[in-house]
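Open the model in your viewer and switch to a cartoon view.

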Amino acid sequence: MSLTRFLRHLSLPGWIVRKHFPEDLLTRIERSIRASESDHRGEIGIAIEGGLELADLWRGVTPRQRALAAFASLGIWDTEENTGVLIYIQFADHAVEIVADRGINRHVSQAQWDEICRALETHFKRGDFAAGCEVAVRAIGELIEAHFPKGENNPDELPNRPVIL
C-alpha cells in the first residue's frame with residue numbers, strides 16, 4: 001500500500017466530490033444519458049466515488065475492482081440484452097474505469113473503452129467535469145447504437161441519474 005495513496009484517500013472530504021458534481025451538473029449529465037439512451041437499446045450509468053474506506057485501502061483495492069463492485073451493486077448488469085455500461089470515476093486516484101456487460105462488450109474492444117476513459121480524464125484535468133461526462137456518454141452511446149440501435153421496444157431499464165458513492 002502506498003502511503004501517498006492512503007493519505008490522499010483518507011484526506012479527501014466528501015464535500016469535494018459534491019463541489020465538483022453539484023446537483024445541477026448531475027441533472028445535466030442525467031439529461032445527456034437519457035438523450036443518448038433514446039437512440040439505442042443500451043443503458044449507461046455513472047458512479048462517482050471520492051476516497052475509499054480504510055479497509056479497502058488496506059486490502060489494496062484498485063479502481064478497477066471498485067468499478068466492478070459498483071457495476072454489480074448498482075445492477076448495471078441487469079438489462080434485457082446485457083448492454084449496460086458503467087462509467088466509474090474514482091476521484092482520489094484520478095481514475096476512470098468503464099465496465100460493460102457482455103452483450104455490448106463482445107462488440108467493443110478494450111482499446112475503444114480505454115480511449116473514452118482517456119478523453120474523460122483529459123477533460124477532468126482541465127476541471128471540465130460536465131463536458132467530460134457528456135463526451136463520454138455520447139461516445140459510449142455511439143458504440144452501443146452501432147450494435148444495438150433503438151427498436152420498437154426500447155425501455156429505460158435503469159436510472160439515468162449519476163450516483164455518488
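A crossing of two helices is right-handed if the near helix is turned clockwise from the far one by less than a right angle, and left-handed if anticlockwise. Keep that in mind at the first stop. Note also that this is a predicted model.

**Stop 1: the helix pair.** Select H3, residues 23-37, and H8, residues 129-147. Their axes come within 9 Å and cross at roughly 15°. Angles under 35 degrees count as roughly parallel, and H3 and H8 are therefore roughly parallel to each other. The crossing of H3 and H8 is right-handed.

Now show side chains. On H3, pick Leu-25, Arg-28, Ile-29, Ser-32, Ile-33 and Ser-36. On H8, pick Phe-129, Ala-130, Cys-133, Glu-134, Val-137 and Gly-141. These residues make the contact. They divide into seven nonpolar, three polar and two charged.

**Stop 2: the sheet.** Which order do the strands take? Read across the open sheet of four strands: S3-S2-S1-S4, with mixed pairing. Select S3 (95-100) and S4 (163-164) at the edges. Each has a single partner strand, so one side of each is left without a neighbour in the sheet.

Zoom in on S1, residues 43-49. S1 and S4 pair in the parallel sense over two bridges. Look for Ala-47, which stands opposite Val-163 in S4.

**Stop 3: helices on the sheet.** Select H5, residues 63-73. H5 lies across S1, S2 (84-90) and S3, and runs at about 45° to S3. Finish with H7, residues 110-125. H7 packs on the sheet and touches S2 and S3. The direction of H7 makes about 150° with that of S3.

Definitions and conventions
Residues numbered from 1 in each chain as written. Predicted model: local features only at pLDDT ≥ 70, side-chain atom pairs only at ≥ 80, totals over all residues. Heavy atoms only, no water. Pairing = 2+ DSSP bridges. Contact = heavy atoms within 4.5 Å. Axes fitted to C-alpha atoms, helices over the stretch in contact; angles between N-to-C directions. Parallel < 35°, antiparallel > 145°, perpendicular 65-115°, else oblique. Nonpolar A, V, L, I, M, F, W, Y, C, P; charged D, E, K, R; others polar.
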